[in-house]
Amino acid sequence: MPLPHHVSHLVRTAALLESRADRYADYLVEVLRPRGWTLALEQWGREEATHGASLRAWLAEHEAGFEFAACMERYAALPYHDAPHRGGPLRVIDGDDSSCGVYGSAQGELVARCVVEAMAAAYYQALAAAAVDVPSLHQLCRRHAADEARHFSLFARMLAAVRHDEGTRRGEALAVMLRRLAALNDAQIVYASYVAGGSRGAFDLRVEGRRYRAMVLRVFGRRQVRFVGTLLARVLTAPEPRRRALAFALA
Ligand SMILES: [Fe+2]
Ligand SMILES: [Fe+2]
């Protein structure tokens, strides 16, 4: 059975987004370097890179008309959204192990990652459900959804460790969460959708954003909305972490 156009479009968009996602790993390694989580973060970056690679492989086999390399070249011409922070040295607060990245603190960065991983897990869950008649894609999206959920848990444990040392800053967490959710409408994501659609006309963020969101809403169900809500509520309302529990969680 042929894949519905909007599902195919969302897979193509995900392939572009995921093929760039590992770039964030280098950045996060720098922001969290004082914590000594480099190996875990590098492993996470490699897993994100495999998501892009496996989506590209699926598209090459099943949608030969999609010219990934040409689309990626166009997409890569757009500066990465944390580019200003990547070019120069990251600021590190003296005597503190918090680095100031895009979100201003280690806690902020980790909350932002939790939002992205929760959304990514829900996105793949939704795509898996929409591709139930295409077993190869269905299975691929289920695997990615499981990876993203595991990534959420990894960053939630890291966040708990930082909160243990610094205290939980719930106001900052809420502000970062809202900022990260708003960024779902930014050019980084919407431009990937525009390129994936093969558009050649002038890029209009509002028009393309509406088009992309409409496609996402066609696959998103209550289950995914509830899933994301539950994970984000967990980040916001988590009790102050205890040392013994953390030692176990990060072992
Ligand atoms: Fe991913
Ligand atoms: Fe992920």
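Helices are DSSP runs of H or I with at least four residues, numbered from the N terminus. The model is predicted, so local features need pLDDT of at least 70 and side-chain atom pairs count only at pLDDT 80 or more, while totals for chains, interfaces and linings use all residues. Residues are numbered from 1 along each chain as its sequence is written, chains are lettered from A and ligands numbered from 1 in the order written, and side-chain values use heavy atoms, without hydrogens and water.

**First stop: the metal site**

Select the iron ion (ligand 1) and display its donors (N, O and S atoms within 2.8 Å of the metal, or 3.2 Å for Na, K and Ca; water is not among the atoms, so sites may look incomplete). Glu18, Glu48 and Glu148 coordinate through OE atoms and His51 through ND1, at 2.0 to 2.6 Å.

Are Glu48 and Glu148 buried or exposed? Buried means under 20% relative accessible area, exposed over 50%, and partly exposed in between, with a 1.4 Å probe and protein chains only. Glu48 is buried at 3%, and Glu148 is buried at 1%.

**Second stop: helix H11**

Now select helix H11 (residues 222–237), which gives the most to a positive patch, with 3 residues. Finally, select Arg142, which lies in helix H7 and is exposed, at 51% relative accessibility.

Definitions and conventions. Helices (H or I, at least four residues) and strands (E, at least two) are DSSP runs, numbered from the N terminus.
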